[in-house]
Amino acid sequence: MSLGAALVCAGAAAWLMSGWHSGTRRAQLLLAGGGVVGTGPPGRQRLADGLRRVRGRLRAEWWALAAGLVLGLLGASVMPVVAGAAGVPLLRRARLAREGRRARERQADAVIALCGALAGEVRAGRQPGEALLTAARDTGGLGETQAAVLAAARFGGDVPEALTVAARQPGADGLRGLAACWRVAVDQGAGLATGLDRLDGALRSERDQRAELRAQLAGARATAVMLAGLPALGLLLGAALGADPLRVLLHTGAGLGCLLAGGVLEAVGVWWVLRIVRRAETA
């Protein structure tokens, strides 16, 4: 019964993540010309819409709770469920950190594109304010503060100050260099295009260095992933050998002690590897 319940939970989770084969059904309807996409029995359609909304709200971290439920059913213990629930906020924090890093990288790429486009517009003969308006619309490199910077450029405001404020966004540090180039060009009459070319080259070089460092740290990250997956591999090997590892770990004193010690060592090992990676990235 426990195995059957676990299979039912796994099947339900896979069903939610697959979206009830909605894409295949829509393609068949479109290619066959058999009706309008999304039509069907009202009850079934409402159920499908409800499941789709639930699936849209689910995040990857909830798989930890699902895995805990499955292991709890298989091992007839509440401990895996508690561990899975405790892992949800940790995985959510990791996911948000990863999404934040990707957002910073996208913003940094947009700033580089803005500098290159602005240099091209200025070299083509446009005035700096007009060139900034065109380049910002084409690249979106100013982020959420684009309206304020464009207003300053259009109505004769303090563009360097607006760019300095825009540089406070995550990943938009390059706008400080753009503000400095703009200030020097306006105050001392220096060539704005030349400064923008140098700034663009410096930002691209910095991005390439970060990419190279990330490639060099890929081995350490792979080690952390391997350490995180070793316990699951051990459980699978034990089950394949007929040792019933879940019963031993969850229902015997020696097993509980091994589980506690192994969990602590596993957490320390993963934390240590990630700490090494973070220190290398910071340096």
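Mentor: Gln169 has a relative accessible area of 13%, and because a residue under 20% counts as buried, Gln169 is buried. This is a predicted model, and what follows should be read as a description of that prediction. Gln169 sits in the loop between α8 (159-166) and α9 (174-188). Its side chain reaches the backbone oxygen of Leu142 at 2.9 Å, and the side chain of Gln169 also makes a polar contact with the side chain of Thr145, at 3.4 Å. If neighbours within four places in sequence are set aside, the residues in contact with Gln169 are Leu142, Gly143, Glu144 and Thr145.

From there we can turn to the helix pairs. Two packed helices are described by the angle between their axes and by the distance between the axes. Helix α6 (residues 128-139) and helix α7 (residues 146-154) have axes 8 Å apart and pack at an angle of about 155 degrees. An angle over 145 degrees counts as roughly antiparallel, and α6 and α7 are therefore roughly antiparallel to each other. The crossing in which α6 passes α7 is left-handed. On the α6 side the contact is made by Gly129, Leu132, Leu133, Ala136 and Arg137, and on the α7 side by Gln146, Val149, Leu150, Ala153 and Arg154. Sorted by class, the contact of α6 with α7 has 6 nonpolar, 2 polar and 2 charged residues.

Another pair is formed by helix α5 (residues 79-123) and helix α10 (residues 192-216), whose axes come within 9 Å and cross at roughly 155 degrees. That angle makes α5 roughly antiparallel to α10, and the crossing of α5 and α10 is left-handed. The residues that α5 brings to this contact include Arg101, Glu105, Ala108, Asp109, Val111 and Ile112, while those from α10 include Leu192, Leu196, Asp197, Arg207, Arg210 and Arg214. The residues of the contact of α5 with α10 divide into 12 nonpolar, 1 polar and 10 charged.

Arg210, which belongs to helix α10, deserves a separate remark. With a relative accessible area of 35%, Arg210 is partly exposed. Arg210 and Glu281 are 71 residues apart in sequence, and their C-alpha atoms are 8.2 Å apart in space.

Helix α11 (residues 218-240) and helix α13 (residues 253-282) pack with their axes 9 Å apart, at an angle of about 165 degrees, which makes α11 roughly antiparallel to α13. Here too the crossing, in which α11 passes α13, is left-handed. By class, the contact of α11 with α13 has 9 nonpolar, 2 polar and 3 charged residues.

As a setting for these details, the protein has 13 helices and 0 strands. Of the 283 residues in the protein, 26% are buried, and Gln169 belongs to that buried class. Among contacts between residues at least 6 apart in sequence, 56% join residues at least 24 apart.

Methods
Residues are numbered from 1 along each chain as its sequence is written. This is a predicted model: local features need pLDDT of at least 70, side-chain atom pairs count only at pLDDT 80 or more; totals for chains, interfaces and linings use all residues. Side-chain values use heavy atoms; hydrogens and water are left out. Axes are lines fitted to C-alpha atoms, for helices over the stretch in contact, and angles run from 0 to 180 degrees between N-to-C directions. Helices (H or I, at least four residues) and strands (E, at least two) are DSSP runs, numbered from the N terminus. Angles under 35 degrees count as roughly parallel, over 145 as roughly antiparallel, 65 to 115 as roughly perpendicular and the rest as oblique. A crossing is left-handed if the near helix is turned anticlockwise from the far one by less than a right angle, and right-handed if clockwise. Contact means heavy atoms within 4.5 Å. Ala, Val, Leu, Ile, Met, Phe, Trp, Tyr, Cys and Pro count as nonpolar, Asp, Glu, Lys and Arg as charged, and the others, Gly among them, as polar. Buried means under 20% relative accessible area, exposed over 50%, partly exposed in between (1.4 Å probe, protein chains only). A polar contact is a pair of N or O atoms within 3.5 Å; within protein, one must be able to donate a hydrogen and the other to accept it, and residues adjacent in sequence count only if both atoms are side-chain atoms.
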